[in-house]
Number of protein chains: 2
Amino acid sequence: MVSTLAGLSLRDLEYALAVADEQHFGRAAARCAVSQPALSEQIRKLEGLLGTKLFERGRPAIRTTARGQALLDQAERVLAEAHGLLDMARNVSEPQTGPLHLGAIQTLGPYYLPFLLRQSRASFPELALRLTEGQTDGLLNALRNGELDAALIAIPIDMDGLAIEPVFFEPFHLVCPIGHRLSGLPRLRLRDLAGDDLILLEEGHCLRDQALSLCQSAPQARLATSVETLWHMIAAGEGYSLLPALSTANRATMADLIICRPLPDPAAGRTIALIWRRTDPRGAEFRQLAGMMQRDRPEQVQEAPG
Amino acid sequence: MVSTLAGLSLRDLEYALAVADEQHFGRAAARCAVSQPALSEQIRKLEGLLGTKLFERGRPAIRTTARGQALLDQAERVLAEAHGLLDMARNVSEPQTGPLHLGAIQTLGPYYLPFLLRQSRASFPELALRLTEGQTDGLLNALRNGELDAALIAIPIDMDGLAIEPVFFEPFHLVCPIGHRLSGLPRLRLRDLAGDDLILLEEGHCLRDQALSLCQSAPQARLATSVETLWHMIAAGEGYSLLPALSTANRATMADLIICRPLPDPAAGRTIALIWRRTDPRGAEFRQLAGMMQRDRPEQVQEAPG
DNA sequence: TAAAAATACTCCATAGGTATTTTAT
DNA sequence: ATAAAATACCTATGGAGTATTTTTA
């Protein structure tokens, strides 16, 4: 369908309304900051386009014709909507405003997003974060099909089509029941982490694979469906696991049954990064958001590695 | 107040909506019947003007940004109003349609306008005649200040600023009581019309002056406020007068008391003309209307003199 | 690698300016 | 006669075309 607007221009409508208002081509031209012939010519074209004389040229004043008046009323509506568009653009184009659909992996979200929400509300009060939790694959899909604008995940991941900005490094802790063989070791070494009572998250959680590779255990280990379940299983003496630092902080329930120990290798942990579609025009804003997360982070996490 | 539209163009909004719809610059360009680079460039300018990227360029498809969507919705409203304007223009620009404020002198209106209305409804069903009666001076004023679009008056008049199209010639009749000295004259001559019982309309009616000059009587004659009053005064035997042919036709009341006689001079009468502001752009339509009145006229009147 | 959008450039339509003529009162 | 709009004519902006490069998945 080709344009049916036939060269109609908002500027010409402004000219016409100025003439109607001033009842004088010269004054209307001055108000529109153009020369009188320029304005006259555009009015002439507009009248041709509409098929009707809008004005009756007479002395001492221009009069709008009856037909012209109906059209000028409608022209006013057109311009009102156009101004509405520009007003809207002025508001909407502010950076860090409006809805932002943000995802986070499930082993991070519950322990970090409350912190992030406080921070974002302080720094960017107009930014409306819409939060989602999921597993890495689901988040990546949601990102690719536009349900999400950005996501917090553990890197490395396959980054094709994505922009990635590391945000912080989150160490893992050894978590085991009091009295467990690992709870009493005076000096914990990485090789001690292998054991047949390692409890893992279900397939799909990136944390599962990271714990597995650090512990060098067999994958027939016991399964938990969430960090919370896992915590309760450990409290029940079912075994031990590795959990990210944010998820072990400030835990009251069953803290008397469980011991958390830092791992011996300071590199044992995961890097959390903010990702988004490389093509998203808000890239710069997302980078700024990541910068804020890097600078002002929870005490349990560390600066992201280069 | 200078333009606040800053170069916003309806065409660009159409381009943007085409892209949003097609999710593809190439197809959008084809739909708008321009080249892809031309459309891309206009979208780029529009995004700059609005201060926001409207689209996220990605494969396989273009996606509209959240901010862009709000703006595109508004753009759609702008275009809807613009199309409304063009639709309205198409209707409104038809000739012989819409309201037409027409005035007529009081000695003509009641006797001719019913005829004219029938005729106009048949020939121009979309023409909405709004009728007014008044004296010549009042009609001219109303015409000049725009309350009237056109008027039917007796010429000649001072025609500065006015266009005039004669419509028909209306003969005068001698009207007197049965038994009046003029009713019995076998051959009526113009000079017989002088008499001290001539009844005239009040000051302001053009017919008063025309009758006066034809009759060569003194202006201390009796006064009537309307043709109807005059008719009753004649029936009451108060005197005689000259009345235009249309006003004496088809009279039932008191017809048995009154005699109407044609005047000896075939030029004794008045020419009725349609007048309008010379500057009114509907001049051609008024002329066409006058043409209709010339061609299809009541039987009592004659073709207007050259 | 392939498809698609962005650049580079050239051209031309037209909005706009100045000077002047025409028109209306 | 005068004020104001229309016309004539010229300039320059910018929209649109073709050819090409860059980008993204």
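Leaving aside neighbours within four places in sequence, B:Ala16 contacts B:Ile43, B:Leu46, B:Leu54, B:Leu72 and B:Ala75, where contact requires C-beta atoms, placed from the backbone, to lie within 7 Å. The model is predicted, so that local features need pLDDT of at least 70 and side-chain atom pairs count only at pLDDT 80 or more, while totals for chains, interfaces and linings use all residues. Residues are numbered from 1 along each chain as its sequence is written, and chains are lettered from A and ligands numbered from 1 in the order in which they are written.

B:Ala16 is also one of the residues that touch the most other members of the largest nonpolar core, which has 56 residues; the others are A:Ala16, A:Val19, A:Ala75, B:Val19 and B:Ala75. Such a core is a set of buried Ala, Val, Leu, Ile, Met, Phe, Trp, Tyr and Cys residues joined through C-beta atoms within 7 Å, and buried here means that 20 or more other C-beta atoms lie within 10 Å of a residue's own. Helices α1, α2, α3 and α4 of both chain A and chain B each supply at least two residues of this core, with helices taken as DSSP runs (H or I, at least four residues; strands are E, at least two) numbered from the N terminus. Apart from it lies another core, of 55 residues, among them B:Leu207, B:Leu214, B:Trp231 and B:Ala290.

Within chain A, helix α1 (residues 10-22) packs against α3(A) at an angle of about 105°, with the axes 9 Å apart; axes are lines fitted to C-alpha atoms over the stretch in contact, and angles run from 0 to 180 degrees between N-to-C directions. That makes α1(A) roughly perpendicular to α3(A), a term for angles of 65 to 115 degrees. A:Asp12, A:Tyr15, A:Ala16 and A:Val19 of α1(A) meet A:Leu39, A:Gln42, A:Ile43, A:Lys45 and A:Leu46 of α3(A).

α3(A) gives the most to the surface near DNA strand D, with five residues.

Conventions: Parallel < 35°, antiparallel > 145°, perpendicular 65-115°, else oblique. Contact = placed C-beta atoms within 7 Å. Buried ≥ 20, exposed ≤ 12 C-beta atoms within 10 Å, placed from the backbone.
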